Amino acid sequence: MFIQYSLLKRQTIVERMETEAQKLELIGTLAASTAHEIRNPLAGIKGFIQLLSEKHKDNESQLYFSVIQNEITRINDIVNEFLILGKPTVQKLEICDLNHIVQSIHPMIESQAHLHNVIYSFQRADVPLPIRCSKDHLKQVVLNLAKNAIEAMPHGGELTISLEKQGSFGILRVKDTGCGIPKHVSDKLFQPFVTSKQTGTGLGLVICKRIIDMHEGTIDIHSIEKKGTTITVRFPLGG
């Protein structure tokens, strides 16, 4: 009886994982095709707004054009997320030091943290962390995780990004002292469109996981409500 129960439980878990994978694949395909259809008219609108802004120079018109341009940029950012959610584009992989990748976007994270009254610290590993990767994709992962952490601390707090070597893996940790992740959300973190934010798309962590999977890495999230969240990402070292 016990063996049959174990086998049935294992089969149920496998079937659930397969269903989730198929669902994500379907959503990804739909999202990517939709994103391509949106980008073309969006580029046209952006071009015409640019022409109009050069023709109408008065302050009121410029204010309106600025708002429109910002909203177009925001739409474009969401569309780019859709594209990654679908079939990721082929990227040239190269051996890069994870220390250098995170260091290169340190000023951007520091600036955002300062704007939100968040104390930010970055701790490099004391040894090189060479990984075979797409630098742009990994930068997006770190920026997304840092953005989530900062948004989880609307009244200020502490954000720490640290790197270290553990055996044959490079470890990236993003730790915040924010509001934590509610239980009803934490169980579904990597499902598309699941979010606790009023203005979120629910795609950020899904995209991060997709990129991390592409690099044969893993992501683990530990969160306590009203105390904070620690995200640990592991990448196999190479080179």
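The accessible surface of the chain comes to about 15000 Å², and 57% of this area belongs to carbon and sulfur atoms. Such areas come from the Shrake-Rupley method with a 1.4 Å probe; for residues, only the protein chains shown count as cover. The model is predicted: local features need pLDDT of at least 70, side-chain atom pairs count only at pLDDT 80 or more, and totals for chains, interfaces and linings use all residues. Residues are numbered from 1 along each chain as its sequence is written, and side-chain values use heavy atoms, with hydrogens and water left out.

The chain has 239 residues, of which 35% count as buried (buried means under 20% relative accessible area, exposed over 50%, partly exposed in between, with a 1.4 Å probe and protein chains only). Its secondary structure comes to 7 helices and 7 strands; helices (H or I, at least four residues) and strands (E, at least two) are DSSP runs, numbered from the N terminus.

Three of these elements are listed here.

| Element | Residues |
|---|---|
| Helix H1 | residues 2–55 |
| Strand E2 | residues 118–123 |
| Strand E4 | residues 157–166 |

Helix H1 contains Arg39, which counts as partly exposed because its relative accessibility is 34%. Between Arg39 and Asn76, 37 residues apart in sequence, the C-alpha to C-alpha distance is 7.4 Å.

E2 pairs with E4 in the parallel sense over 6 bridges; two strands pair if DSSP finds at least two bridges between them. Val118 has Gly157 of E4 as its bridge partner.
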